[in-house]
Amino acid sequence: MDIGAKIKTFLKEAELYRGQGLLNESKESYQKAAKLIKSIEKLKNKEKLLAGIAAKLKGLQGEIEKVEAAPDNPEIGAESQALIKKLFSYAKTDDADAVALEEAITLTKFGQYAKAIEDFKALLSKESVRLAAAKNIIRCHIAGEKIEDGVAQFQEWLDSGILSKDQLKKLGMFFQNIIDKKGLDVKVPKMATAAVQEEEAELELELEEAEVEPAEEEPQEEEEILDINSVGISFEAGPMKGEVIELDVSFQTGNVISVLLNARDKDLIDNLNPGDQLNDMQFYSPIAIFQGTGVVNAKTGIKVGPRKGDFSVDIKVSSS
Amino acid sequence: MAVFNARKREIECKLVYYGPGRCGKTTNIESIGKAYRKHAESEMVSINTEGDRTLFFDFLPMGLGKIKGCDVRVQLYTVPGQVKYASTRKLVLKGVDGVVFVADSMKVRREKNMLSLKDLQQNLKDYGLNVFKIPLIMQYNKRDLEKEGIPIMPIKQMEHDLNRQLKAPSFEASALAGDGVGQTLKAALSATLKYLQREMNWAGQEAYAEHSRAIRRPGVFEPCGCHAAAWRERRQRRPADLQSAYRRHRGGFLC
């Protein structure tokens, strides 16, 4: 393909990707086209072409920034919030207050903090769920990064007498513990900080804080990787230096394999961390054994099921 | 998790369309909403989208009518595909009974497909589900883009990348044109209902209910082993009729 045709192809692809909403891919194609144009010394309209591409790139960048700046959990309309409560609350009780509490917790999971606080506040008058509702109000303020509002709310409860002394004590410790964990220099009014650790487990709420892994933006490799049944890893550093361990592959998508590490293998778990380069690996497939390298992509603790406590490690494989 | 109401003889299950951002999950559901309008219990609901990017989920409830004597209802969901909405994606997946993995056929999205499938596997695992066991259908979407000159992956490569271990039923599709959408949905429903039938034995329960009604109406048809004594007694009275009914009964029910 001559260079002119290549440029045209890149420009066409860029437009098509943009039409598909694939903004980064479109940007890459424009950049490739611009690079090629710059490499041609005597090209008619060179500056005009580059200016046109620059304008397109500027527009694309604006769109990319808009998408990236979109809030993670924007507040949505009342109808949608009601639907979320209906579809995603799994209360296993007929108790209306417990169901309402569960529904408000569901809203917090979807980041609807303002409405959730409103619903939790309505539950403060119900003795059976009062403390849980209060704790969740605090959690909503923290999750919404409004610690000061949480402190003000706590002060209001101290003054109002709506919560018992015991409830206030538990709540104060719960709140201070979260603040301390976040490393913030904020003191919850009139609270005792003793026995925080003991209370911690009991006061832990059901809110899930999913970890978002950053998107991999590495250039893709087109190499074919065979089905891998197990891998051998030779460690070059750390406490396991010189050792070779063999692990069964639990899952494979393309060139990314997952292996499970038993919670007891602490050294091994400590030795495999995201970003680690594994320069000496053996891969065992049904039809061949081959050498290669890998990079640890992710390490995730298993929270439920029969392998609870164990770790799943993803390794991106490169054969050699 | 599917809900089976034995009293009302209703079963409600949840099918989730999963896949990387911009792969066409919402377009699939939109297309289903249009093509199967009479089955849709309401219009598709899109909970907050930024432009045409799903931030929360899309939802389409459908009624499939009676299957083995039960009213079957299915809730179709899409998840937000973008990486940053991982927690919402996981929440939407909770209680799933069947999954359609929508893969983007464009070459530039190869890695994203793999990462999304891996994400699905991990999220299912976190809920105690196994990607190899849950009803799963693969859809290779946007096949029509080849005509527009966009480089797309051959099916063989997509099968190799995503489906060589899972060996899930797979379909080519162009969701925007509606091609392959119905096939994918039917396969997903079929796999999910078969799975639920095995897991919950709801067809068996229904057969038992029919069976119990029948024993109260002698001469309609007769039961087998579990009501054998009653059957034997009646056989003495009307042997020819009842034997014929028994054969029909054995041919059609699971008790």
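The side chain of B:T54 makes a polar contact with the side chain of B:T26, at 3.0 Å. A polar contact here is a pair of N or O atoms within 3.5 Å; within protein, one must be able to donate a hydrogen and the other to accept it, and residues adjacent in sequence count only if both atoms are side-chain atoms. This is a predicted model, in which local features need pLDDT of at least 70 and side-chain atom pairs count only at pLDDT 80 or more, while totals for chains, interfaces and linings use all residues. Residues are numbered from 1 along each chain as its sequence is written, chains are lettered from A and ligands numbered from 1 in the order in which they are written, and side-chain values use heavy atoms, with hydrogens and water left out.

Stay with B:T54. It lies in strand 4 of chain B, residues 53–67. Helices (H or I, at least four residues) and strands (E, at least two) are DSSP runs, numbered from the N terminus. B:T54 is buried, with a relative accessible area of 10%. Buried means under 20% relative accessible area, exposed over 50%, and partly exposed in between (1.4 Å probe, protein chains only). Not counting residues up to four places away in sequence, B:T54 touches B:T26, B:N48, B:T49, B:T78, B:P80 and B:Y85. Contact means heavy atoms within 4.5 Å. B:K25 is 29 residues from B:T54 along the chain, yet their C-alpha atoms are separated by 9.3 Å.

Next, helix 4 of chain B. This helix spans residues 155–163, and B:Q157, B:M158, B:D161, B:L162 and B:N163 are buried in it. Its buried residues pack against strand 6 (98–104), helix 3 (110–126), strand 7 (136–141) and strand 8 (170–172) of chain B. They also pack against strand 2 of chain A. B:D161 meets B:R110 in a salt bridge, 2.7 Å from N to O. A salt bridge is a side-chain nitrogen of Lys or Arg within 4 Å of a carboxyl oxygen of Asp or Glu. B:D161 lies in helix 4 of chain B and B:R110 in helix 3 of chain B, so the pair ties together parts that are 51 residues apart in sequence. A nonpolar core is a set of buried Ala, Val, Leu, Ile, Met, Phe, Trp, Tyr and Cys residues joined through side-chain atoms within 4.5 Å. In soluble globular proteins, nonpolar side chains tend to be buried together. The largest core here has 69 residues, and A:F120, A:W157, A:L171, B:F57, B:F101 and B:L120 touch the most other members. Helix 7 of chain A (residues 130–143) gives the most to this core, with seven residues. B:F101 has contacts beyond its neighbours within four places in sequence, among them B:Y18, B:P20, B:L117, B:L120, B:I137 and B:L162. Another core lies apart, with 29 residues that include B:Y17, B:C23, B:V72 and B:V102.

Chain A has 11 helices and six strands. Of its 320 residues, 44% are buried. Among contacts in chain A with a separation of 6 or more, 52% join residues 24 or more positions apart.

Turn to the interface. The contact takes 57 residues from chain A and 54 residues from chain B. The area buried between the two chains is about 4800 Å², and carbon and sulfur atoms give 56% of that area. Buried area is the accessible area (1.4 Å probe) that two parts lose on being put together, summed over both. The rule finds 13 residue pairs in polar contact across the interface of chain A and chain B, both residues at pLDDT 80 or more. On the chain A side, helix 4 of chain A supplies the largest share, five residues. The residues of that side divide into 25 nonpolar, 14 polar and 18 charged. Ala, Val, Leu, Ile, Met, Phe, Trp, Tyr, Cys and Pro count as nonpolar, Asp, Glu, Lys and Arg as charged, and the others, Gly among them, as polar.

Salt bridges also cross the interface of chain A and chain B, and the rule finds three. B:R109 forms a salt bridge with A:E25, the closest N and O atoms being 2.6 Å apart.

Over all chains the structure holds 21 salt bridges. A:K56 pairs with A:E15, with the closest N and O atoms 3.2 Å apart. A:K56 lies in helix 3 of chain A and A:E15 in helix 1 of chain A, so this pair ties together parts that are 41 residues apart in sequence. A:K56 counts as partly exposed at 35% relative accessibility, and A:E15 counts as partly exposed at 38%. A:D270 and A:K266 form another salt bridge, at 3.3 Å between the closest N and O atoms. Both lie in helix 11 of chain A (residues 266–271), four residues apart, about one turn of the helix. A:K266 is exposed at 54%, whereas A:D270 counts as partly exposed at 42%. Finally, A:K85, A:K115, A:E118 and A:D119 are linked in a network of salt bridges.
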